[in-house]
Amino acid sequence: MSQRKPVGRHKPVVLGIESSCDETGAGIVRGGELLAHVVASSMDEHARYGGVVPEIAARAHLHAFNPVVRQALDQAGLRLNQLDAVAVTTGPGLSGALQVGLAGAKTLAYSAGVPLYGVHHLAGHVAADTLEHGPLPEPCVVLIVSGGHTSLLLVRDLVREPILHLGDTLDDAAGECFDKVARILGLPYPGGPAIDRAARDGDPRAVAFPRPLTRSGDDPYAFSFSGLKTAAARWVERHRVRGEELSVADGAAALQEAVADVLTRKALAACRAYDVRTLVVVGGVAANSRVRGLAEERCAAAGIELRVPPMTLCTDNGAMIAAVGDLLVRADAEPAPLNVSVDPSAPLDYASLTPLPSAPARAA
């Protein structure tokens, strides 16, 4: 697995595999250029349960893996033996889902006789922007916002240097808050897109939802959305107890405004504090129209360049994992060992993630 093809001046062709949650993604990148991008989602199978069911997700990955990879190769006009490397998400994510992707990626790498690279899922989101806008400025501030993660990072060289966490969520992530409040409002899963649609007809000033951790003395870069979720739940409950008509559109617009305000306020503060001139916003919630819009307004006013990937690259996909793999190959990084495993709760310290299986416990 650790054998390498000589790259030389040849631009490496890297296949990326993503299976951390409910999307099975395969992408192909050559020297920073996106050649193929294919995603199969099992979202509809989870919608009836109001959230992702790990067992259903793992089975969906098993069914989708081969067709998605074949379609990506066809889209790129390539054969398996023309790959230089395979990259795969090894964490964080759902354990069973990650294992399906890793097993498939190991098989492909072995069959093609190319090295395998383990990639941290969140580093993939960061690298997704390079497929649209080119290499990341060094340094840059990165805001990652998704269903399970909300983090503010200082990134220098994505694959050569450690990633500095300026702040993370203390409880619910921004996307998780959207999902939970959408359910309270009677909107469908996934909540983020549903909130965004409903908010178009609402007044963002109609409800005075709180802005968590934005008072003087609070951690300037930490996030907390659990209290915001509770505030929305209480607002809904008050209307129902009084028998008053509930404006779902106003509630959605006000919630979306509160989330976008907190995210962009803290991100801009980090840019100023670290004298960084570029803000990169990535992850599924980066597709939210108000998050993007308010980030554009505030970055323009502050003279900071804003980079946001296209919406198709904001959600989980294999192209972003291929983008990290491409950077790792070009940096001559060490491939993953044969016994690389998965780490469902891996912290984001480095873009390369090659956890090893734990030693079995000895009997007493």
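Predicted model: local features only at pLDDT ≥ 70, side-chain atom pairs only at ≥ 80, totals over all residues.
User: Is α12 largely enclosed or exposed, and how many of its residues are buried?

Analyst: Burial is judged from relative accessible area, with under 20% counting as buried. In α12, 11 of the 13 residues are buried, so the helix is largely enclosed by the rest of the structure. The buried set consists of Gly318, Ala319, Met320, Ile321, Ala322, Ala323, Val324, Gly325, Asp326, Leu328 and Val329.

User: What should I look for at the start of α12 and just after it?

Analyst: Consider the two ends in turn. At the start, asparagine 317 places a side-chain oxygen within 3.1 Å of the backbone nitrogen of alanine 319. Just after the helix, aspartate 332 has a positive phi of about 60 degrees.

User: How do I read the packing of two helices, and at what angle do α6 and α8 pack?

Analyst: In general, an α-helix has 3.6 residues a turn, so residues three or four places apart point the same way. Packing is then described by an angle and a distance between axes. Helix α6 (residues 174-185) and helix α8 (residues 226-242) pack at about 5 degrees, their axes being 9 Å apart. An angle under 35 degrees counts as roughly parallel, and α6 and α8 are therefore roughly parallel to each other.

User: Which residues of α6 and α8 meet?

Analyst: From α6 come Cys177, Lys180, Val181, Ile184 and Leu185; from α8 come Leu228, Lys229, Ala232, Ala233, Trp235, Val236 and Arg240. By class, this contact has 9 nonpolar and 3 charged residues, with no polar ones.

User: Are α6 and α9 roughly parallel or roughly antiparallel?

Analyst: The angle again decides. These two helices pack at about 170 degrees, with axes 11 Å apart; an angle over 145 degrees counts as roughly antiparallel, and α6 and α9 are therefore roughly antiparallel to each other. Ala174, Cys177, Phe178, Val181 and Leu185 in α6 meet Val248, Ala252, Leu255, Gln256, Val259 and Leu263 in α9. The contact between α6 and α9 has 10 nonpolar residues, 1 polar residue and no charged residues.

User: Where is valine 281 placed?

Analyst: Valine 281 is in strand β9 (residues 278-282) and counts as buried at 3% relative accessibility. The C-alpha atoms of valine 281 and valine 141 are 8.6 Å apart, although the two residues are separated by 140 residues along the chain. Contacts of valine 281 include Leu143, Val145 and Leu306.

User: Does aspartate 261 count as buried or exposed?

Analyst: Aspartate 261, in helix α9 (residues 248-273), counts as buried at 7% relative accessibility. Leaving aside neighbours within four places in sequence, aspartate 261 is in contact with Arg211, Leu294 and Arg298.

Conventions:
Residues numbered from 1 in each chain as written. Heavy atoms only, no water. Buried < 20%, exposed > 50% of the residue type's maximum accessible area, 1.4 Å probe, protein only. Helix = DSSP H or I, 4+ residues; strand = E, 2+ residues; numbered from the N terminus. Polar contact = N/O pair within 3.5 Å; in protein donor to acceptor, adjacent residues only side chain to side chain. Axes fitted to C-alpha atoms, helices over the stretch in contact; angles between N-to-C directions. Parallel < 35°, antiparallel > 145°, perpendicular 65-115°, else oblique. Contact = heavy atoms within 4.5 Å. Nonpolar A, V, L, I, M, F, W, Y, C, P; charged D, E, K, R; others polar.
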